[in-house]
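Here's a quick tour for anyone meeting this protein chain for the very first time. Have a look at the picture, then read on.

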Amino acid sequence: MDTVVSADHLKLFRSLLEFRGKGSRKIVNGELKLSLKPYECVVLTSKKLDAGLKPRDQVAEEIAEANRARAERGSLLFEKGASFEVDSSNPGHALSGPLQQRNKLFDGTIDMLGWESKRYAKENWYELNFRKNPPKFTRIGIYGHFGGTPQVKIWKFGEWKKLVPKDVKTGKYSAVLDFGEELKSVKIRLDFELPPGEKMVELYEIELLK
């Protein structure tokens with residue numbers, strides 16, 4: 001979209017600098033001509049105010065790269081939190097209820113709190129309940145602060161069946177459990193046993209992976 005901005009004040013300048021950009025915009029007799037894409041905006045300054053700040057194009061690329069990483073880890077639950085139910089040992093914790101949890105715990109962001117347990121609780125667990133089309137998976141990825149490796153259970157024939165992973169890859173705030181076979185269940189439960197001295201479990205993301 002092409003537009004012209006004019007003002008008596010602009011007559012004081014011959015050009016304005018693009019804030020966090022690389023160029024400048026010419027001003028002729030108080031008129032500034034702009035050609036903008038839909039939803040595009042520019043911030044112009046009469047003197048340099050962005051020393052030490054990343055250019056706008058670099059920030060946009062870093063955001064795009066973070067979004068690609070968020071979406072490309074292969075989780076079968078990515079942005080599908082509205083399609084199933086959740087339950088937990090602290091269903092309505094201080095930050096959000098089940099609806100907000102379903103938005104946050106399956107959005108691909110692995111470093112933001114989506115659920116926390118009660119302080120010093122005797123039980124710390126989280127469940128995924130699939131009424132329709134339960135996904136088939138071989139691995140589960142869990143991100144958060146939860147001490148040791150969580151115990152994973154699936155609901156089979158009216159009772160909880162404990163799963164024994166064939167391989168476990170752990171990080172400071174993550175655990176990926178590989179069960180070595182394809183699994184499917186209407187309910188999946190994560191049980192956390194905190195080490196002595198720890199106050200609570202924090203969950204940032206839950207992923208089911210092929």
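## A cluster of rings

Let's start with some aromatic side chains: Phe84, Phe106 and Phe130 are joined into a cluster by ring pairs. Keep in mind that what you're looking at is a predicted model. Searching the whole structure turns up 6 aromatic pairs.

Trp115 belongs to strand β7, while Tyr126 sits in strand β8 (residues 125-129), so the pair ties together parts that are 11 residues apart in sequence. Are these two side chains buried or exposed? Trp115 is buried, with a relative accessible area of 0%, and Tyr126 is buried too, at 1%.

Then there's Phe146 with Phe192, a tilted aromatic pair with 5.7 Å from centre to centre and 45° between the planes. This pair links distant parts of the chain, 46 residues apart: Phe146 is in the loop between β9 and β10 (151-156), and Phe192 is in the loop between β14 (187-191) and β15. Phe146 has 4% relative accessibility, under the 20% cut-off, so it counts as buried. Phe192 is buried as well, with a relative accessible area of 5%.

## Charges over rings

The charged end of Lys187 sits over the ring of Trp155, 4.3 Å from the ring's centre. Over the ring of Tyr143 you'll find the charged end of Arg73, 5.6 Å from the centre.

## The sheet with β9 and β15

Tyr143 leads us to the strands, as it stands opposite Glu205 in β15. Strand β9 (residues 137-145) and strand β15 (residues 202-209) pair in the antiparallel sense, over 7 bridges. Both strands are part of an open sheet of 5 strands, with antiparallel pairing and the order β7-β15-β9-β13-β12. Its edge strands are β7 (115-116) and β12 (167-171), each of which pairs on one side only.

## The sheet with β3 and β4

There's another open sheet of 5 strands with antiparallel pairing, and its order reads β1-β4-β3-β2-β5. Which strands stand at the edges? They are β1 (2-6) and β5 (44-45), each with a single partner strand, so one side of each is left without a neighbour in the sheet.

Inside this sheet, strand β3 (residues 24-28) and strand β4 (residues 31-35) run antiparallel and are joined by 2 bridges.

## Stepping back

Now for the overall picture. How many helices and strands does the protein chain have? It has 2 helices and 15 strands. Its C-alpha atoms fill a box of roughly 80 × 40 × 30 Å along the principal axes. A compact globule of 210 residues would have a radius of gyration near 17 Å, but this chain has 25 Å.

Of the 210 residues, 37% count as buried. The chain exposes about 13,400 Å², and carbon and sulfur atoms supply 51% of that. As for contacts with a separation of 6 or more, residues 24 or more positions apart account for 72% of them.

Terms used: Residues numbered from 1 in each chain as written. Predicted model: local features only at pLDDT ≥ 70, side-chain atom pairs only at ≥ 80, totals over all residues. Heavy atoms only, no water. Pairing = 2+ DSSP bridges. Helix = DSSP H or I, 4+ residues; strand = E, 2+ residues; numbered from the N terminus. Phe/Tyr/Trp six-rings, centres within 6.5 Å; stacked < 30°, edge-to-face > 60°. Buried < 20%, exposed > 50% of the residue type's maximum accessible area, 1.4 Å probe, protein only. Lys NZ or Arg CZ within 6 Å of the ring centre and 35° of its normal. Rg over C-alpha atoms; globule rule 2.2 N^0.38 Å. Contact = heavy atoms within 4.5 Å. Areas by Shrake-Rupley, 256 points an atom, 1.4 Å probe, with all protein chains shown as cover.
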